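Let's take a friendly walk through a protein chain, one stop at a time. Keep the picture open beside you and look up each place as we reach it.

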Amino acid sequence: MGARLVDFHGWELPVSYDGLFKEHQSVRQNAGLFDVSHMGEIRISGPGALEGLQRIVSNDLSSLGESSILYTVACREDGGILDDFLVYKMGEEDYLLVVNASNVEKMYAWCRDRLPSLEVQDHSSQTAQIAVQGPASRGLLSALFPERTMELHALPYYHFMKMEFGEQALILSRTGYTGELGYEMYLPPEMAHGIADRLMDLGADSGLKPAGLGARDTLRFEASYCLYGNELGEETDPFEAGLFWLVKMDKGDFIGRDALRERKQDPSAKRLLGLSLPGRRIARQDFAVFCEDEEVGRVTSGSFAPTLDENLCLALVRRDCLKSDLSVEIRGERVSAIRRKLPFYQQAALRA
């Protein structure tokens with residue numbers, strides 16, 4: 001479809017089709033179709049699966065009902081984040097982890113080594129993933145699955161349905177990383193092309209456009225969603241990234257719990273904050289943040305925000321400087337920055 005392709009951890013991925021900003025606005029106003037088949041899928045099942053997974057994630061899986069989904073992180077013993085991912089409860093003692101492409105091998109090995117009594121399978125090469133995001137996404141998927149329209153309209157945020165297309169089974173979840181109403185489908189690779197074509201045909205009149213990973217990044221950035229490798233990483237803990245709600249200290253022991261208890265109180269730790277920059281200057285990842293003449297943090301993500309018409313950035317900044325005047329060094333010049341409340345863009349996904 002004319003995509004500009006880039007290498008991403010060994011995957012050849014579409015970064016844009018008709019232009020990043022056009023695709024971004026299409027998702028905010030109508031709908032966009034994303035190929036996100038690079039994401040990893042790890043299936044964990046067997047007696048004691050819940051107890052085992054509770055030991056390696058920070059969030060509390062005991063709250064998950066069947067056909068529901070939880071966002072969480074897995075931490076090292078020192079509290080650093082190994083990955084952020086979704087956990088799907090497929091059935092009793094049967095869970096699906098949807099992990100970042102760059103961390104599939106690491107997370108598969110981590111789960112396999114720490115859950116030796118469970119069945120741990122890497123289904124990534126057997127699973128394609130298509131995302132339809134935007135206000136028109138519900139209508140498009142209702143047209144694709146007309147016999148399940150009522151169920152689809154009633155599907156709550158962070159829940160999923162088991163579906164069929166022809167004689168093939170797939171999973172449809174009300175999830176996404178754009179801040180808009182949206183859905184993601186997990187399906188056999190041989191189905192992906194046909195379903196994508198069918199959706200593009202159905203969306204011809206509603207403004208559906210293919211969208212690349214460039215727009216996916218600006219959309220998640222506006223919604224202030226963390227990205228592994230930017231806001232998250234093995235040297236960053238969930239408190240620094242503002243993910244306090246993902247850490248349930250009272251659920252029982254889990255890997256990294258003791259370290260996180262100490263890191264939460266560390267006065268020298270950093271915290272994630274949002275900044276706005278004047279004019280046309282854009283702060284890119286790893287640009288230095290200053291308080292007076294002292295470097296106190298680094299930019300994690302920065303971009304022009306098309307929906308908000310501003311140059312914004314996320315930065316990890318030392319806790320004791322969060323209320324001070326800050327500047328960002330751009331090409332040797334320090335530019336004053338204005339503190340912005342997060343999220344930059346309020347999630348429409350929760351209101352739909």
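Cysteine 111 is buried, with a relative accessible area of 0%; here buried means under 20% relative accessible area, exposed means over 50%, and partly exposed lies in between, using a 1.4 Å probe and protein chains only. What you are looking at is a predicted model, in which local features need pLDDT of at least 70, side-chain atom pairs count only at pLDDT 80 or more, and totals for chains, interfaces and linings use all residues. Residues are numbered from 1 along each chain as its sequence is written, and side-chain values use heavy atoms, with hydrogens and water left out.

The structure holds zero disulfides, a disulfide being a pair of cysteine sulfur atoms within 2.5 Å. Cysteine 75 is in no disulfide either, and its nearest cysteine sulfur, that of cysteine 226, is 13 Å away. Cysteine 75 counts as buried, because its relative accessibility is 2%.

Now step back to see the whole chain. It has eight helices and 19 strands; these are DSSP runs numbered from the N terminus, with helices being H or I of at least four residues and strands being E of at least two. The radius of gyration is 21 Å, close to the 20 Å that the globule rule gives for 352 residues, so the chain is as compact as a globular protein of that length. That radius is taken over C-alpha atoms, and the globule rule is 2.2 Å times the number of residues to the power 0.38. Along its principal axes, the C-alpha trace spans about 65 × 50 × 35 Å.

Buried residues make up 57% of the 352 residues. The chain exposes about 15,500 Å², and carbon and sulfur atoms supply 48% of that area; the areas come from the Shrake-Rupley method with a 1.4 Å probe, and for residues only the protein chains shown count as cover. Contact means heavy atoms within 4.5 Å. Among contacts between residues at least 6 apart in sequence, 67% join residues at least 24 apart.

Let's go inside, starting with helix 1 (residues 20-29). Which of its residues are buried? They are Glu23, His24, Ser26, Val27 and Arg28. Their cover includes strand 2 (11-16), strand 3 (31-35), strand 9 (128-133), strand 13 (208-210) and helix 7.

Helix 7 (residues 213-222) is also where you will find arginine 216, which counts as buried at 19% relative accessibility. Leaving out residues up to four places away in sequence, arginine 216 touches Phe34, Val36, Tyr177 and Glu184. Arginine 216 and proline 238 are 22 residues apart in sequence and 22 Å apart in space, C-alpha to C-alpha.

Not counting residues up to four places away, leucine 64 touches Ile69, Leu70, Val87, Lys89 and Tyr95. Leucine 64 and histidine 159 are 95 residues apart in sequence, yet their C-alpha atoms are 9.9 Å apart in space.

Is lysine 89 buried or exposed? At 9% relative accessibility, lysine 89 counts as buried. Beyond its neighbours within four places in sequence, lysine 89 is in contact with residues including Gly65, Glu66, Asp94 and Phe160.

Finally, look at the backbone. Most residues other than glycine have a negative phi, and most peptide bonds are trans. Glutamate 292 is not a glycine, although its phi is positive, about 55°. Glutamate 292 sits in the loop between strand 15 (288-291) and strand 16 (294-305), and it counts as exposed at 69% relative accessibility. Arginine 331, another residue other than glycine, has a positive phi near 50°. The loop between strand 18 (326-330) and strand 19 holds arginine 331, which is exposed with a relative accessible area of 72%. The last stop is a cis peptide bond that joins leucine 342 and proline 343, with omega about 0°. Proline 343 is in the segment after strand 19 (333-340).
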